[in-house]
Amino acid sequence: MIVLGSTSEVAQAFVEKALQEGEKYERIYLFTSNREATERFAQHIDVKFLQQSEIIELDLTKEINYFSFDHINSNLLFCATGYLGDGTEEGLYDNKNTERIIDINYSKLVPVINYFAQKFEGKRSGTIIGLSSVAGDRGRQSNFIYGSAKAAFTAYLSGLRNYLFEKKVHVLTVKPGFMATKMTEGLPLNPKLTATPKQAADCIYKAFKKQKNIAYVLPIWGVIMLIIRNIPEFIFKKLKL
Ligand SMILES: NC(=O)c1ccc[n+]([C@@H]2O[C@H](COP(=O)([O-])OP(=O)(O)OC[C@H]3O[C@@H](n4cnc5c(N)ncnc54)[C@H](OP(=O)(O)O)[C@@H]3O)[C@@H](O)[C@H]2O)c1
């Protein structure tokens with residue numbers, strides 16, 4: 001299994017869920033921009049599941065060395081990479097913040113997924129699971145730079161799914177609502193609409209096994225976003241969402 005964004009608690013809960021369910025992986029490739037934190041997780045799965053893993057450094061704000069990915073052979077890619085950035089008015093007009101949000105959520109991430117998509121295509125097998133966001137379903141005044149990068153990522157995953165369908169590679173787009181993770185630490189989230197990393201991982205694993213195309217975490221977000229997407233623009237533009 002290839003994991004992008006290995007320090008994400010959702011990514012780690014998904015790895016644990018898959019191993020608990022008895023899935024077998026020759027090796028788990030843990031891509032991370034934080035080696036130290038990922039080493040702890042690698043040791044944990046080694047001790048608990050006797051699972052071999054390898055840590056590969058990947059910081060999307062830096063130059064990427066694709067040669068170091070050459071040896072990787074896998075059938076499953078789980079991408080939890082994401083960056084919320086500063087969604088305040090100050091952040092909106094800070095070009096560094098804007099570029100970082102777009103780079104990590106979309107422009108620097110897509111070539112990495114494409115690299116593995118091509119490998120999967122060559123083998124005519126595999127699944128790519130990408131964590132996008134409900135924020136990409138419709139641009140709202142709160143943090144729409146992040147939302148627009150996620151919208152682009154959702155469109156990319158949709159196109160990739162369509163392109164790879166005949167090549168026997170499946171693409172699952174995951175659209176989380178709120179999840180209680182380090183990304184949302186300190187934010188006032190409605191507990192009824194917020195998934196724990198374990199709940200999110202269970203939901204994603206179920207969607208993966210059912211070969212779903214799109215999955216909302218939690219399913220209630222599918223209903224919420226259906227309503228939000230259908231509010232006429234002349235009303236929507238006046239709302240404080
Ligand atoms: N939490 C929510 O409410 C929520 C809602 C909707 C969508 N999402 C999406 O769900 C996914 C998982 O999010 P999460 O809540 O688990 O947040 P998270 O803990 O912040 O996970 C995102 C991961 O992205 C990786 N990342 C960040 N900057 C990077 C960089 N410069 N280069 C390479 N990797 C980088 C980090 O992994 P490493 O440290 O291992 O590099 C980080 O753990 C993300 O795509 C997020 O956008 C989250």
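1. Helices α1 and α7 cross in a right-handed sense (a crossing is right-handed if the near helix is turned clockwise from the far one by less than a right angle, and left-handed if anticlockwise). The residues of this contact divide into 9 nonpolar, no polar and 4 charged (Ala, Val, Leu, Ile, Met, Phe, Trp, Tyr, Cys and Pro count as nonpolar, Asp, Glu, Lys and Arg as charged, and the others, Gly among them, as polar).

2. The model is predicted: local features need pLDDT of at least 70, side-chain atom pairs count only at pLDDT 80 or more, and totals for chains, interfaces and linings use all residues. Residues are numbered from 1 along each chain as its sequence is written.

3. The axes of α1 and α7 (residues 197–209) lie 8 Å apart, at an angle of about 55°. Axes are lines fitted to C-alpha atoms, for helices over the stretch in contact, and angles run from 0 to 180 degrees between N-to-C directions. The angle therefore makes α1 oblique to α7 (under 35 degrees is roughly parallel, over 145 roughly antiparallel, 65 to 115 roughly perpendicular, the rest oblique). From α1, Glu 9, Val 10, Ala 13, Phe 14, Lys 17 and Ala 18 take part, and they meet a set in α7 that includes Pro 197, Asp 202 and Tyr 205. Contact here means C-beta atoms, placed from the backbone, within 7 Å. Helices (H or I, at least four residues) and strands (E, at least two) are DSSP runs, numbered from the N terminus.

4. Among the α4 residues involved are Ile 101 and Tyr 106, while α6 contributes Tyr 146 and Phe 153, among others.

5. The ligand is surrounded by 28 residues, the closest being Ser 8, Thr 32, Gly 82, Thr 181 and Met 183 (near means a C-beta atom, placed from the backbone, within 6 Å). This shell divides into 11 nonpolar, 14 polar and 3 charged residues. Both α1 (9–20) and β7 (178–179) supply at least two of its residues.

6. Two backbone features should be noted. Most residues other than glycine have a negative phi, and most peptide bonds are trans. Asn 143, not a glycine, has a positive phi of about 50°; Asn 143 sits in the loop between β5 (127–131) and α6. The peptide bond joining Val 217 and Leu 218 is cis, with omega about -15°, and Leu 218 is placed in the loop between β9 (214–217) and α8 (220–229).

Methods
Two residues are in contact if their C-beta atoms, placed from the backbone, lie within 7 Å.
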